[in-house]
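Hi everyone, thanks for coming. Let's walk through one structure together, starting from its inside.

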Amino acid sequence: KPGEQKHSKEPSSLQCMHLAVVACGDRLEETLIMLKSAVLFSNRRLCFHIFAEDSLKPEFEKTLKQWPSSYTKKFEYNIYPITFSVGNAQEWKKLFKPCAAQRLFLPVILKDVDSLLYVDTDVLFLRPIDDIWHILKEFNSTQLAAMAPEHEIPKIGWYSRFARHPYYGTTGVNSGVMLMNLTRIRNTQFKNSMIPSGLTWEEMLYPLYQKYKNYITWGDQDLLNIIFYFNPECLYVFPCQWNYRPDHCMYGSNCKGAEEEGVSILHGNRGVYHDDKQPTFKALYEVIRDFPFEDNLFQSLYYPLQSKFLDTVHTLCGRIPQVFLKQIEKTMKKVYENRVIVYLGANHRY
């Protein structure tokens, strides 16, 4: 494709877990820290699909090439320009945050990719992507995408109180972490509020935007809610620990899955990685940002986190550090055990 940067050979989709992100404006560092967290904890090979403004491309390439070879061998990446296949590109680009609407066009652009995990730039993986990738196998015959609820409690949820358009379920869904079977999306005729018959994904996007543009607040997320309102059988809803946001702890803990299993994917929306409103989220971001790749995970990541969390106990989120640490601890133990087994196995041969 024109303008696309491709690196290394394309492995089969079966070998590769595809991860997509859209980066515009000042989101370069956030995106790189998100990718770093993916590489740190994942087991199988990763294929990154980075959609970025042209001005950001050189910095992405420079930074990714500087990572140690023990990590760069775990992934390959493509960098794509921002493009919209239907409608007015400038309108799409300005919808909600810069370029965020690009995610709506992933099924159209990535024609050779079967399944994909899309995440916002302000996401951090606290366990292997392999674990959320397995959810694709849990889809029934009609499901083609998975998202988490926007809120756990309808009476204080945004959509249930303020939305002026249709939305999925009782609280709507949050699109910051979205698992997609792109093949199914491309092959489905979607029910809609515009014509009696079905429309393909690409046919539906611009007319849907035109119909609801005066009523939507959260841009492309609202459009996805409208789509799945009319096609609820197409959506798999995964629990809140896969898209854990400040809303899940800043008014008191309200994500049962995270309390039981720990946070799997952290979503620092509201800009919390960059201000002092939610120091627990900021601590995780800074520790992963500052982690020197080749160092010991326990020494240079887990212990600094524990230490930083002591300074956040005055906040509601900081009072439940185990929720944030449980999955990281579990993942690091597995990494350590695997290394010990490999080491012992190597010594056993001699």
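Leaving aside neighbours within four places in sequence, which residues is Tyr 244 in contact with? Contact here means heavy atoms within 4.5 Å. Tyr 244 touches Cys 249, Cys 255, Ala 258, Val 263, Ile 265, Leu 266, His 267, Phe 281, Ile 320, Val 323 and Phe 324.

Before going on, a word on what you're seeing: this is a predicted model, where local features need pLDDT of at least 70, side-chain atom pairs count only at pLDDT 80 or more, and totals for chains, interfaces and linings use all residues. Residues are numbered from 1 along each chain as its sequence is written, and side-chain values use heavy atoms, with hydrogens and water left out.

Tyr 244 and Phe 324 have the most contacts inside the largest nonpolar core, which has 76 residues. Such a core is a set of buried Ala, Val, Leu, Ile, Met, Phe, Trp, Tyr and Cys residues joined through side-chain atoms within 4.5 Å; buried means under 20% relative accessible area, exposed over 50%, partly exposed in between, with a 1.4 Å probe and protein chains only.

Now to Asn 192. Is Asn 192 buried or exposed? Asn 192 is buried, at 12% relative accessible area. Its side chain reaches two backbone oxygens: that of Phe 190 at 3.2 Å, and that of Ser 197, also at 3.2 Å. Not counting residues up to four places away in sequence, Asn 192 touches Ser 197, Gly 198, Leu 199 and Phe 230. Finally, the C-alpha atoms of Asn 192 and Ile 227 are separated by 7.1 Å, though these residues are 35 apart along the chain.

Key:
Polar contact = N/O pair within 3.5 Å; in protein donor to acceptor, adjacent residues only side chain to side chain.
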